[in-house]
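This report walks through one structure, part by part. Please look at the sequence and the model first.

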Amino acid sequence: MRCSVCGREAVIKLRHAGLRLCPEHLVARVEKEVASAIRRFRMFSPEERILVAISGGKDSLALWHILAELGYRVDGLYIDLGIAGYSAPSREASEDFARARGLTLHVVSLAAELGASLDELTRLARGKTCSLCGTVKRYLMNKLAWEGEYQALATGHNLDDEAATLLGNVLRWDEGYLARQYPVLPGEGKLVRKVKPMVFLSEREMAAYCLIRGIEYLYQDCPHAEGARSIALKDVLNRLEDRYPSTKISFLRQFLKVRDRFRPPAPVVLHDCPSCGMPTAAEGPCRFCRLKDTVARHASRVTEDRGAAA
Amino acid sequence: MVILKRKGEAYTVPAGKTLEQALRELGILPETVLAVRDGRILPLSHRLEEGEELELVDVISGG
Ligand SMILES: [Zn+2]
Ligand SMILES: [Zn+2]
């Protein structure tokens, strides 16, 4: 198998792109696709400061590497959620990556910000782990990007992630989510702009990119992801892709062409949370502050109980 | 025989097949893995050689 670009030995065939590529040209393609998505969707300019959400997995580390390589002003943010058996190695992979390349990584821990790790929060608050995790991560990422004066918050969502999310939204005909699913979400007030520069690159290409570039990422998945709906959706799409190449990319590209037909049910008016000052859709304390309250109330009850026992 | 290692498990397949044929016979979608030998990616068209040992890297992550 020969590389479509240079004719040397190819290592990967991308049926959806009609390409067979050698390591060098796979790397070139990935970086070019990221650069062109940034331009096409006007994600950010070279003067702006970008914060990349880092998980220690292949996609976020690859994105950080590529943005730095392209010359953008980019720092990383790692949120230590305190998930037993997972957070420690993922944090270490992120810190090692940053140290080896002389990049700045901000590390915050959920336990310090909220008063409880995700594992503890799941026991105290109502709601599923992954939904609680989404809430606290979105809140902290936005808050730290805002306070750190970053103009955009970038995440490593790839084609497989986006196509799976899209399928999930379509199966529920969730108009609000469909209206908001886009590679760039403009900022508003204290809500920082959100960008996803890798949405046209498949998960397989990103793994190949990391292997070729020598990016040492954490192979392990979050233990809570096991059995998650997103994995079932990805599996369905990959089965279709196997029989009908380009299923995922055309699903996403065609959607982006018709997306403006979907309207959010009602325009959202943002209020400032009276407690932390960050934006929230409803009046009163934001969801993060309410969770923080739940944690604090539980902690004081535990202290009282201990006092009574003594 | 050829050894394919995946997530700590080892599968043995006869030599002579292509990597893609071997994956399909094991019920693994080629789209979901990368085969690596000595740190290098092998194409799906790679013909498995006697005594070879490959690592299959899962590319699909959760979340
Ligand atoms: Zn080439
Ligand atoms: Zn708040």
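## Two domains in chain A

In this predicted model, the C-alpha centres of domain 1 and domain 2 of chain A are 28 Å apart. The domain assignment places domain 1 at 26–265 and domain 2 at 269–310. Their contact draws on 19 residues from domain 1 of chain A and 14 residues from domain 2 of chain A.

Between these two domains of chain A, about 1,500 Å² is buried. Carbon and sulfur atoms give 77% of that area. On the domain 1 side, A:Leu114, A:Leu124 and A:Tyr139 stand out: they supply 39% of the area that domain 1 buries against domain 2, more than any other three residues.

The count of salt bridges between domain 1 and domain 2 of chain A is one. A:Lys190 and A:Asp272 also pair through their side chains in a salt bridge, at 3.8 Å from N to O.

## The zinc site

The zinc ion (ligand 1) has four protein donors: A:Cys3 (SG), A:Cys6 (SG), A:Cys22 (SG) and A:His25 (ND1). Along the sequence, the donor residues follow the spacing C-x2-C-x15-C-x2-H.

A:Cys6 and A:His25 link distant parts of the chain, 19 residues apart. A:Cys6 sits in the segment before β1 (12–14) of chain A, and A:His25 belongs to helix α1 (residues 23–40) of chain A.

What arrangement do the four donor atoms make around the zinc ion (ligand 1)? It is tetrahedral, because the donor atoms subtend angles of 95 to 117°. All of these fall between 85 and 135 degrees, the range required for that label. For four tetrahedral donors, the ideal angle is 109.5 degrees.

A:His25 has a relative accessible area of 16%, so it counts as buried, the limit being under 20%. A:Cys6 reaches 32% and is therefore partly exposed.

## Chain A against chain B

The size of an interface is often given as the accessible area lost when the parts come together. For chain A and chain B, that buried area is about 1,900 Å². Carbon and sulfur atoms give 58% of it. The contact involves 26 residues from chain A and 20 residues from chain B.

How many salt bridges cross the interface of chain A and chain B? There are two. The side chains of B:Arg24 and A:Asp242 form a salt bridge, with 2.8 Å from N to O.

Conventions: Residues numbered from 1 in each chain as written. Chains lettered and ligands numbered in written order. Predicted model: local features only at pLDDT ≥ 70, side-chain atom pairs only at ≥ 80, totals over all residues. Heavy atoms only, no water. Donors = N, O, S within 2.8 Å, 3.2 Å for Na, K, Ca; no water. Tetrahedral: all angles 85-135°; square planar, octahedral: opposite > 155°, others 65-115°. Helix = DSSP H or I, 4+ residues; strand = E, 2+ residues; numbered from the N terminus. Buried < 20%, exposed > 50% of the residue type's maximum accessible area, 1.4 Å probe, protein only. Domains from an automatic or database assignment. Contact = heavy atoms within 4.5 Å. Buried area = accessible area lost by both parts, 1.4 Å probe. Salt bridge = Lys/Arg side-chain N within 4 Å of Asp/Glu carboxyl O.
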